[in-house]
Amino acid sequence: MWTLEKSIVIDRPVEEVYRYGSNPALWYQWYVGLSEPKKMQGEGESGTRADFDYTMMGMHMPITVEVIENEKQGMGFSWKGKVTGAIQSHQHWIYSPEGSGTKVSYTEEYEMPSSLLRKMADKLIIRKLLDNAMEQTFRNLKDVCEASKLSA
């Protein structure tokens with residue numbers, strides 16, 4: 001298993017960023033490579049399950065995300081999810097106040113799909129591509145949140 005960690009500060013109140021960022025129906029708007037949900041049971045609370053396609057290197061990989069935790073913690077919020085299907089991972093997103101904005105921190109432990117590993121022999125390149133995609137995902141989240149009043 002590999003681990004990926006990122007964080008960013010977004011100039012919007014923590015409640016707004018959390019409501020938008022933790023809503024599976026909206027992830028495709030900012031999460032690089034993720035489709036709109038094909039099927040969703042729940043509205044983002046613990047137990048919600050959503051089916052997506054995740055595209056990487058031209059490969060469309062079906063995945064299911066299950067929300068394990070979605071709750072207020074202190075002055076912020078914690079979201080944990082489990083990804084199964086073509087990719088196996090555990091994600092943890094923390095939304096915490098940072099001045100008048102929000103610090104979003106992310107940790108993911110993941111296993112690479114064997115189909116991708118067969119297609120691309122150099123694992124270090126795959127890790128770099130995933131890191132770059134997550135960096136762009138965070139910039140997208142920041143841009144969308146700061147560009148408009150969120151109504152999610």
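## A buried phenylalanine

F138 is buried, with a relative accessible area of 2%. Buried means under 20% relative accessible area, exposed means over 50%, and partly exposed lies in between (1.4 Å probe, protein chains only). Y106 is buried too, at 0%.

The model is predicted: local features need pLDDT of at least 70, side-chain atom pairs count only at pLDDT 80 or more, and totals for chains, interfaces and linings use all residues. Residues are numbered from 1 along each chain as its sequence is written, and side-chain values use heavy atoms, with hydrogens and water left out.

## Fold and dimensions

The chain has three helices and seven strands. Both come from DSSP runs, numbered from the N terminus: helices are H or I with at least four residues, strands are E with at least two. Read from the N terminus, the order is β-α-β-β-β-β-β-β-α-α.

How does the radius of gyration agree with a globule, and what is the value? For 152 residues, a compact globule would have a radius of gyration near 15 Å, and the chain has 15 Å, which agrees. This radius is taken over C-alpha atoms, and the globule rule is 2.2 Å times the number of residues to the power 0.38. Along its principal axes, the C-alpha trace spans about 45 × 30 × 25 Å.

Of the 152 residues, 43% are buried.

Contact means heavy atoms within 4.5 Å. Among contacts between residues at least 6 apart in sequence, 49% join residues at least 24 apart.

## Aromatic pairs

The structure holds 10 aromatic pairs. Rings of Phe, Tyr and Trp (its six-membered ring) pair if their centres lie within 6.5 Å; planes under 30 degrees apart are stacked, over 60 edge-to-face, the rest tilted. W27 and W79 form an edge-to-face pair, 5.5 Å centre to centre, with 90 degrees between the planes. W27 sits in the loop between α1 (14-21) and β2 (39-41), W79 in strand β5 (residues 76-85), and 52 residues separate them. Both W27 and W79 are buried.

Y106 and F138 also pair edge-to-face, at 5.9 Å and 65 degrees. Y106 lies in strand β7 (residues 101-111) and F138 in helix α3 (residues 123-147), so the pair ties together parts 32 residues apart in sequence. W30, Y31, W93, Y106 and F138 form one aromatic cluster.
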